[in-house]
Amino acid sequence: MSTTVKDLTESNDLKSIPSEYVFPTNPEVVEEAEQQIPIIDYHLLTSGSPEQRSQIIENLRIACLDWGFFMVINHGVPESLINEMMNLCLSFFDSSPDEKSDYVGKHVLNPIRCGTSFNTSVEEVYFWRDYLKILVHPEFHAPLKPQAFRNISYEYCKRTREVAKELVNAISESLGLEEDYIEKALETKSGLQILIVNLYPPCPQPELAMGMPPHSDHGLLTLLAQNEIGGLQIKHKGKWIAANALPNSFMVNIGDHMEILSNGKYKSILHRVAVNTKATRVTVVTANGPSSDAVVTPAPDLVDCENYPPLYRGMKYREYVELQQSNQLHGKSCLDRIRV
Ligand SMILES: O=C(O)CCC(=O)C(=O)O
Ligand SMILES: [Fe+2]
């Protein structure tokens, strides 16, 4: 296995980064956002009056059309659960190489795997990032240690799945479809949910390295919680802007399968992660997707052969995930393969 970034930074007094982490191109600069990133009040969506719900659905429609990214506040997932989850993730990364060895170097569809960068078997330059990825739905998996990981991650994934479901239903409505259209068409009740934990240790030369390169996510909606350290950047109207999270919010982005289903109306957003010299950034992400057997195509109601021809070919979700995870992570290259 390749050395983890964590081991690299903890075992040496690093003044410069090893050459395999140096990116040949300077990342484009980050600019000030002209508008504020959209904020969605989950409580008003699910427990507000019918008028309030309609307003939030309209806010979601604009957020999906203009941004592909929004922050969800008042989501009801207890802060204590999120904090416990973060701490257990940090303990996982702190455990001995022996304890992690069962999960290292596994196939991309293995239920639990950990490693460094994204896919070191095909990468020439590595990202400044260690990860743990676990398939948590429809079948739940968890590492044996730390001991509390199983129960806490089970609860965390269930709660974020519920939030994702409500958001997907509202987005379905915002597209002019039945509220449960996406749920039924993509069988999301047995949808694939993946828990991804990202660790970005402090980096002595952050201007030369990348935590994650520009990419979009597979699936419908990605929900991200972070510790207090920023670093996520999103591409909005041709510019990179810093996505600074509101306290206790989820940062949510539209995935490739929402783009496919909406026939390109709602686009998956390009995002990347910058690293810093000062502190470790940790993010806990759930990728919420269709059922792995669902063949995702544009919704027939959003296709009209004269004005809105289908923009993507159908592909089974499992095959898409496998394709994305076995290649280099690069922009929207996976989605590009199925564009008509
Ligand atoms: O850690 C982050 O801020 C982003 C992570 C991410 O983009 C991903 O896991 O796909
Ligand atoms: Fe991502």
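Residues are numbered from 1 along each chain as its sequence is written, while chains are lettered from A and ligands numbered from 1 in the order in which they are written. Because the model is predicted, local features need pLDDT of at least 70 and side-chain atom pairs count only at pLDDT 80 or more, whereas totals for chains, interfaces and linings use all residues.

Trainee: How many Å apart are the end C-alpha atoms of helix α3?

Mentor: Helices here are DSSP runs of H or I with at least four residues, strands are runs of E with at least two, and both are numbered from the N terminus. The expected span of a helix is 1.5 Å times one less than its number of residues. For the 17 residues of α3, residues 50–66, that gives 24 Å, and this agrees with the separation of the end C-alpha atoms in the model, which is 24 Å.

Trainee: Which residues of α3 are buried, and what arc do they cover around the axis?

Mentor: A residue is buried if 20 or more other C-beta atoms, placed from the backbone, lie within 10 Å of its own, exposed if 12 or fewer, and partly exposed in between. In α3 the buried residues are I56, L60, A63 and C64. They sit on the same side of α3, because the directions from the helix axis to their C-beta atoms cover an arc of only 90 degrees.

Trainee: Which residues are exposed on the other side of α3, and which elements are included in what covers its buried residues?

Mentor: On that other side, the exposed residues are P50, E51, E58 and I62. Contact means that the C-beta atoms of two residues, placed from the backbone, lie within 7 Å. The cover over the buried residues of α3 includes β2, α2 (42–47), β3, α6 and β11.

Trainee: Is strand β3 largely enclosed or open, and how many of its residues are buried?

Mentor: Strand β3 covers residues 69–73. It is largely enclosed by the rest of the structure, because the number of its five residues that are buried is four.

Trainee: Which strands are joined to β3 by bridges, and in which directions do they run?

Mentor: Strands of a sheet pair through backbone hydrogen bonds, either parallel or antiparallel, and two strands count as paired if DSSP finds at least two bridges between them. Three bridges join β3 to β2 (residues 39–41), with V72 as the bridge partner of I40, while four bridges join β3 to β11 (residues 250–254), where M251 is the partner of M71.

Trainee: What is the order of the open sheet of five strands, and which are its edge strands?

Mentor: The sheet has mixed pairing and the order β1-β10-β9-β12-β7. Within it, four bridges join β9 (residues 232–236) to β10 (residues 239–242), which run antiparallel, and K235 stands opposite W240 in β10. The edge strands, each of which pairs on one side only, are β1 and β7.

Trainee: Which residues surround ligand 1, and how do they divide by class?

Mentor: A residue is near a molecule if its C-beta atom, placed from the backbone, lies within 6 Å of it, and the shell found in this way consists of I196, N198, M212, D217, L224, G231, L232, H271, V273, T283 and V285. With Ala, Val, Leu, Ile, Met, Phe, Trp, Tyr, Cys and Pro counted as nonpolar, Asp, Glu, Lys and Arg as charged, and the others, Gly among them, as polar, the division is six nonpolar, four polar and one charged.

Trainee: What is the phi of N248, and is N248 buried or partly exposed?

Mentor: N248 has its place in the loop between β10 and β11. It counts as partly exposed, because it has 14 C-beta neighbours inside 10 Å. Its phi, a positive value in a residue other than glycine, is near 55 degrees.
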